[in-house]
Amino acid sequence: MPIEEYVLASILTEVAPAKADPVAIGRLFEVQAIVARTYAAANLGRHAAEGFDLCATTHCQLVDPRRRATSSWRTPAERAVAPTAGVVLVHDGRPVQAVFHADCGGHTSAAADVWGGIPRPYLRAQRDDLPAGASHQTWRFEATANDLAAALNRETRTSAGARLSAIEIGGRDAAGRVLNLRLRGTRETTVRAEDFRGAVTRVFGARSLRSAWFDVRRARDRFVFEGRGFGHGVGLCQTGAQARATQGATALAILSFYYPGTDARVTRPVPARTPRRAFGLERSR
């Protein structure tokens, strides 16, 4: 799939603009186009063992090629993609890991805090309370102890056994997101918050435990979670990006805020006919 077609399909799938003026929406699409292209450039071969480069799920980036024909946002998206053609974000001369999420809740998190590994200077924690303000999401999710235990027991890393008695927060990062949790049940174990969230959302859906920024309490036979934000909280916050675009910030200014220390550069044009596995999409199964 030619890279610019991939970028267009990705932004039409990943971005759902709230009501805003056309100029702001155009800036938001420009931002997401550069992010999508950068992410693809930095992650070629991520699924090489399966015969393609990038999947079309949240594991990589959401991409639905049909959106190019069906989306009402196609025209403004095309106008945004064209002037950004070939542009990627780089750090130390290499395309960056341009991760993004729906809503940071007012503060982004450092990649090393969320996933571990070597810190990346352009994926750091920083306050983002303006100009999105009240646009940031708050949410509530609850499940019975038995149902939650069953969801967690599907994966070895989060299993606490047949009985789940208590969930204790072990620590938080600079934003307030939970770093790890202590599960007390048939056995006791400590799990990384993102592993816990992944196990829960795979069973209850993406809109259940929307982020790791939450408090949790037990109410009789149920666990109640109350939190804010949507997604892992690292890199670009789409809610904040739209608010900044609405206030007049340029695409490059927005990208510089969420990926500090990076530069936008034009890469060598990708030919219309790419190698067989370049920018390939996972086939429907």
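Trainee: How do α8 and α9 pack, and at what angle?
Mentor: Helix α8 (residues 238-246) and helix α9 (residues 251-258) pack at about 145°, and their axes are 10 Å apart. Axes here are lines fitted to C-alpha atoms over the stretch in contact, with angles from 0 to 180 degrees between N-to-C directions. Helices (H or I, at least four residues) and strands (E, at least two) are DSSP runs, numbered from the N terminus.
Trainee: Which residues make the contact?
Mentor: From α8 they are Gly240, Ala241, Arg244 and Ala245, and from α9 Ile254, Phe257 and Tyr258, with contact meaning heavy atoms within 4.5 Å.
Trainee: Thanks! What should I know about the model itself?
Mentor: This is a predicted model, where local features need pLDDT of at least 70 and side-chain atom pairs count only at pLDDT 80 or more, while totals for chains, interfaces and linings use all residues. Residues are numbered from 1 along each chain as its sequence is written, and side-chain values use heavy atoms, leaving out hydrogens and water.
Trainee: Is Cys55 buried or exposed?
Mentor: Cys55 is buried, at 2% relative accessible area. Buried means under 20%, exposed over 50%, and partly exposed in between (1.4 Å probe, protein chains only). Cys60 is buried too, at 7%.
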